[in-house]
Amino acid sequence: MGSRASAEKMNNLPYSRSEVFGELRKELHEDEEFDQSAHIFIIMGASGDLAKKKIYPTLWWLFRDGLLPEQTYFVGFARSDLTVDAIRTACTPYLKVTDKDAERLTAFFKRNTYISGKYTDESSFSKLDTHITSLPGGPVANRLYYLALPPTVYHDVTKNIKQCCMSTKGWTRVIVEKPFGHDLKSSEELSTHLSSLFTEDQIYRIDHYLGKEMVQNLMVLRFGNRIFGPIWNRDSLACVVLTFKEPFGTQGRGGYFDDFGIIRDVMQNHLLQMLCLVAMEKPASTSSDDVRDEKVKVLKCITPVSISDVVLGQYVGDPKGEGEAKLGYLDDPTVPKGSTQATFTTAVLYVHNERWDGVPFILRCGKALNERKAEVRLQFTDVPGDIFGNQCRRNELVVRVQPNEAVYAKMMSKKPGVYFSPEETELDLTYKSRYKDVKLPDAYERLILDVFCGSQMHFVRSDELREAWRIFTPLLHHIDKEKPKPIPYIHGSRGPAEADELAKKVGFRYEGTYKWVNPHRL
């Protein structure tokens, strides 16, 4: 999204938050179709947690900043008997409202309405359609449906939308939340069902990680810099590590988590999407399908994960910890007794093509670990012909997705002073230091705005999804059937030591001599 002219203007950083949004607003509203058409955004599952914590707040932020089409209305739909005031009260803790926003917030909720009905009941959707048509511009409005719902009701809801609630004069787009199935078979059934109702350009499978600043930056880093092109391959890279760590456990969500586990929850989607952006070839253009074509090619080169290349872990309470840290996964009352569900996984994948053959991609994710972190780490091979007596450490390029977005390169430099010995240091682009006044939009803000604009680059296509499930389904079926006992690790630790051993075995070298310091705190 974004024209070349606006990109050139934006190069004159630093831009304040209001200037950034001013430029974006100007660009969006110069598009007559975007600005002059009526749009109605329908939140299916408006009474749920996702709606109150993410969807309504995101719509409010986009409305507050003037980024939505002028004539946009919002309709909530759920089984509960609710009012707009009740929705406002439930959402308020998540809206980040300041005193100066009060008038704008009132205007936002005046654009909101709510209809209660049953997801399985066609007459409820006929009532919804009548209501949408009654809104200003309703008969010709474009319609966006956000399915903030459990997957169990997707079939009924999408069928009823198709039969009763499609726009007759404008377009209709449907946003589907993960999980997109439970394995390859269930995912294919869901994809077949959706494709029987909608065309691929009407379906937006949302993976919020694709909306994150640094994930989107991976393409620019790779294909906008000459220095990386010649070294982004098997000749220079020893391994690639993709990490997702959370410092908290399931916190009462254990019952839901136990049905899916960390592989389905994080690895098969968030981490695999990041792997694609690291490993793919340069697309013909930045158009949605050109980018997604290259991601699919990468996935097709990955063989299904072998259990021998996997370490599974489950956190236990730390006797010396405080509060939540004292509790293990099995202490969560919503978790089935004796569950063997993994809360931590390390898996090694290989991309069997000319660029990457033999390079291990190490995917690590887990809960109740020692820090909150998501990053991509490219570790380069050793310098050949070492003349510094084994004092050099491997170079690394690290893209930190969260928190404290940054790109930094670990490199060797002469130790300052009278010494002539190498020392580890970094070239650092920490966003909070370089772009002090720029407000980075929330991932959901970017993605929902993309749906309004019709850009599918950061959404998952059906063939992408099929390949992702093909890679992980045999492993998941093995785990579901055999129920291997996960290795216990203490709440607040790095995870099982066996995971570090697996990474070391395939070629990752952890020196332990260097720690990135956030320069924003200095």
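Student: Which residues are exposed on the other side of α5?

Tutor: The model is a predicted one. On that side of α5, Asp85 and Thr89 are exposed, a term that requires over 50% relative accessible area.

Student: Which residues of α5 are buried, and why are they said to line one face of the helix?

Tutor: Helix α5 spans residues 84–91, and its buried residues are Val84, Ile87 and Cys91. Viewed down the axis of α5, these buried residues lie within an arc of 60°, so they line one face. Their packing partners are α4 (49–64), α6 (102–110) and β3 (112–116).

Student: Why is α10 called roughly parallel to α11?

Tutor: Helix α10 (residues 213–223) packs with α11 at an angle of about 10°, the axes being 9 Å apart. Angles under 35 degrees count as roughly parallel, and the angle therefore makes α10 roughly parallel to α11. At the meeting of the two helices, Val215, Leu218, Met219 and Arg222 in α10 contact Met274, Leu277, Val278 and Ala279 in α11.

Student: What makes α11 "mostly covered"?

Tutor: Of the 26 residues of α11, 23 are buried; buried means under 20% relative accessible area. This helix also bends by about 90° at Gly261.

Student: How many residues has the largest nonpolar core, and which have the most contacts inside it?

Tutor: That core has 147 residues, and those with the most contacts inside it are Phe41, Met44, Leu128, Leu275, Leu349, Phe361 and Phe472. Helix α11 (residues 254–279) gives the most to this core, with 13 residues. Phe41 touches residues including Ile55, Leu59, Tyr146 and Phe452.

Key:
Residues are numbered from 1 along each chain as its sequence is written. This is a predicted model: local features need pLDDT of at least 70, side-chain atom pairs count only at pLDDT 80 or more; totals for chains, interfaces and linings use all residues. Side-chain values use heavy atoms; hydrogens and water are left out. Buried means under 20% relative accessible area, exposed over 50%, partly exposed in between (1.4 Å probe, protein chains only). Helices (H or I, at least four residues) and strands (E, at least two) are DSSP runs, numbered from the N terminus. The arc is that of the directions from the helix axis to the C-beta atoms. Contact means heavy atoms within 4.5 Å. A nonpolar core is a set of buried Ala, Val, Leu, Ile, Met, Phe, Trp, Tyr and Cys residues joined through side-chain atoms within 4.5 Å. The bend at a residue is the angle between axes fitted to the seven residues ending there and the seven starting there. Axes are lines fitted to C-alpha atoms, for helices over the stretch in contact, and angles run from 0 to 180 degrees between N-to-C directions. Angles under 35 degrees count as roughly parallel, over 145 as roughly antiparallel, 65 to 115 as roughly perpendicular and the rest as oblique. Lists of a residue's contacts leave out its neighbours within four places in sequence.
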